[in-house]
Amino acid sequence: MAPAESETLPLDGHEVTITNPGKIFFADAGITKLDLVRYYLAVADGAILGVRDRPMALKRFVDGADGEAFFQKRAPKSVPDYVRTVELSFPSGRTADEVVVDNQAALAWVVNLGCVDLNPHPVRSGDLDHPDELRVDLDPGPGVSWADVRSVSLVVREVLEELGYTAWPKTSGSRGIHIYIRIEPRWGFSEVRRSALAIAREVERRAPAIATSKWWKEERHGVFLDYNQNAKDRTVASVYSVRPRPSATVSAPLTWDEVPDAELEDFTLRTVPERYAKLGDVGAGIDAKAHSLEPLLELVARHEADGEGDAPWPPNYAKQPGEPPRVQPSKRRMPDPAELTPTDPTAPRGRAGSVAPAMPSAPARNPDGTIPPTGRRRSTQPLLVIGQAADKADALAGLDRWRARHPEAAEHVRDPEDLLVDAMRGRYKVWWRVRVNLRNVPEKLRPAAEPPDPDYDPWSEVR
C-alpha cells in the first residue's frame with residue numbers, strides 16, 4: 001500500500017493537514033514527520049509555554065533533520081486563521097511579520113513546515129522592545145566535557161541566587177545548557193545583554209579553569225557563556241524543542257537537583273513524553289515571578305568601576321558606544337614599545353633618528369597565501385592558516401595532512417584550545433577555515449607558513 005500523502009488532525013477546533021506524514025525526518029532513529037508532530041502534541045502545554053505570545057523565526061528542515069536548514073523570518077504568504085503573526089523590526093531597520101504559536105493547531109502547523117525546533121524571541125507581542133527573558137547560554141568548546149558544562153551551570157546558579165534571582169535550567173538538546181531568568185519587561189536589549197555579560201564575567205572569575213566570557217575563539221577555553229545571545233534579533237531553541245541530531249535529543253527543562261547527574265542522551269523524542277506524563281512540566285513555574293534587572297545592573301556598574309567595559313558584539317551589528325575594537329586579538333596591531341621611540345632621542349628635531357621609524361604597511365598577501373584584512377595590523381599570536389574549504393570535513397582533512405608533515409610541532413599543539421576551526425560566512429553559504437596557534441610549540445620547532453591546504457576561494461563561485 002502506498003504511503004498516505006497527508007493526514008488531517010483535529011486540534012483546537014481546527015483541522016490541520018500534515019503533508020507527507022511518513023517522510024523520514026531522523027534517519028538513524030527512524031522518526032517520521034508525523035512522529036515529530038505527535039511528540040510536540042504530547043508535550044504541547046510545555047512547548048507552548050516556551051513560545052506563547054512570542055514572535056518566532058521559522059528554522060525549516062524541508063529535507064528532514066539530516067538536511068540543511070534555512071531560517072525564514074517572514075511568515076508564509078498564506079497563514080491559517082489559527083496562526084497569529086506580529087510585525088517585528090530588526091537591527092537593520094527592516095521589518096517582517098513573524099509567526100506566533102499560541103495553540104496546538106499552530107504548533108502542528110509549524111512542525112508540518114519542517115520546523116524541527118522552535119526558536120522564539122525573548123519578547124512578548126505586546127512589547128517587542130523590552131525582553132522579559134534573560135538567557136544564559138553555556139556553549140562548550142571542542143573537546144570540553146559535559147561534566148564541565150554541568151559544573152559551570154551550578155556556578156551560574158550560585159551567582160544568580162546571591163543576587164536574588166530564580167533561575168530555570170534546561171539542556172540545550174545539543175551540547176550545552178541554557179539557563180533562563182524571567183525579568184520585568186522594563187529594560188532594552190542592550191541592558192539585558194550587558195547584564196548577561198556581567199553574569200559571564202562573574203562566573204569566569206569564580207571558575208576560571210572551566211568558564212570563559214571571551215568572545216574571540218582564539219581566547220576561549222572550557223565553557224563559553226555566550227552573552228551575545230541576548231542581543232536583539234537573537235533566538236534560542238525553546239523548551240521541549242527537538243534538536244536536529246541523529247538521536248533526536250530534546251531541549252528538556254530540568255530541576256536543579258537533576259543537573260549534577262543529567263545526561264544529554266536521556267532526553268530524546270522517544271523518552272521525554274513519558275517523563276512529561278509522569279512529572280509534568282518541571283519548568284512550568286517560570287512565570288510565577290518576574291525579577292528586576294537592577295541587581296545585575298549594579299553588578300555591571302561594579303565591573304565598569306573596575307575597568308571592565310563592554311565586550312565585542314556579533315559582526316552583523318552596528319558598532320556600539322563603548323565597545324572595544326572589533327578585531328580578533330591575533331590581528332590587532334601591537335607594536336613593540338621599542339618601535340614607538342626614536343632611535344636617537346638626542347638628534348635635533350627633523351634629523352635622522354629624532355622620530356620613531358614608520359610602521360610597515362600590511363602585505364598584499366600573507367606568506368601562507370591568504371589575504372589579510374586591510375589596515376596595519378600585526379598578529380600577537382603565532383597563528384598559521386592551515387586550510388580553507390567549502391566543507392568542514394575537507395578543512396579538517398587538511399589539518400590531518402599538516403600534522404603528518406610536521407609531527408614534532410603537532411605534538412605540542414593542544415587540542416582543542418590551540419585549534420581554531422571557524423565557520424566563515426560567504427556570499428551565499430558558510431565555508432570553513434582552520435588555523436593552528438603555535439604558542440605552545442617551541443620556536444625552533446615551529447614550521448613556516450605554507451599555502452592553505454585545501455585552498456578554497458569563497459568568492460570563486462560568485463564571480
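This is a predicted model: local features need pLDDT of at least 70, side-chain atom pairs count only at pLDDT 80 or more; totals for chains, interfaces and linings use all residues.
**Entry 1: a helix pair**

I began with helix H1, residues 33-42, and helix H3, residues 104-112. Their axes lie 10 Å apart, and the packing angle is about 150°. Angles over 145 degrees count as roughly antiparallel, so H1 and H3 are roughly antiparallel to each other. I also looked up the handedness of their crossing, and it is right-handed.

Next I asked which residues of H1 and H3 meet. From H1 come Lys-33, Leu-36, Val-37, Tyr-40 and Leu-41, and from H3 come Gln-104, Leu-107, Ala-108, Val-111 and Asn-112. Sorted by class, this contact holds seven nonpolar, two polar and one charged residues.

**Entry 2: the largest cavity**

How many cavities of 30 Å³ or more are there? I found four.

The largest cavity holds about 170 Å³ of space. I noted 17 lining residues, and Tyr-180, Val-239, Pro-253, Gly-283 and Ile-286 are the ones nearest its centre. Helix H2 (44-51), strand E11 (168-171) and strand E12 (177-182) each give at least two residues to this lining. E11 gives the most, with three residues. By class, I wrote down 10 nonpolar, two polar and five charged residues for the lining of the largest cavity.

**Entry 3: the second largest cavity**

Here the space is about 60 Å³. Its lining includes Leu-384, Trp-402, Arg-405, Glu-450 and Asp-453. Strand E15 (383-389) and helix H8 (392-405) are the elements that supply two or more residues, and E15 has the largest share, three residues. I checked the classes too: seven lining residues are nonpolar, three are charged and none is polar.

Notes: Residues are numbered from 1 along each chain as its sequence is written. Side-chain values use heavy atoms; hydrogens and water are left out. Axes are lines fitted to C-alpha atoms, for helices over the stretch in contact, and angles run from 0 to 180 degrees between N-to-C directions. Helices (H or I, at least four residues) and strands (E, at least two) are DSSP runs, numbered from the N terminus. Angles under 35 degrees count as roughly parallel, over 145 as roughly antiparallel, 65 to 115 as roughly perpendicular and the rest as oblique. A crossing is left-handed if the near helix is turned anticlockwise from the far one by less than a right angle, and right-handed if clockwise. Contact means heavy atoms within 4.5 Å. Ala, Val, Leu, Ile, Met, Phe, Trp, Tyr, Cys and Pro count as nonpolar, Asp, Glu, Lys and Arg as charged, and the others, Gly among them, as polar. On a 1 Å grid over the protein atoms alone, a cavity is a set of points where a 1.4 Å probe fits but cannot get out, and a pocket is an open set with protein on both sides within 12 Å along at least five of seven lines; lining residues have an atom within 4 Å of a point. Grid points are joined across faces, edges and corners, and a volume is the space filled by probe spheres set on the points.
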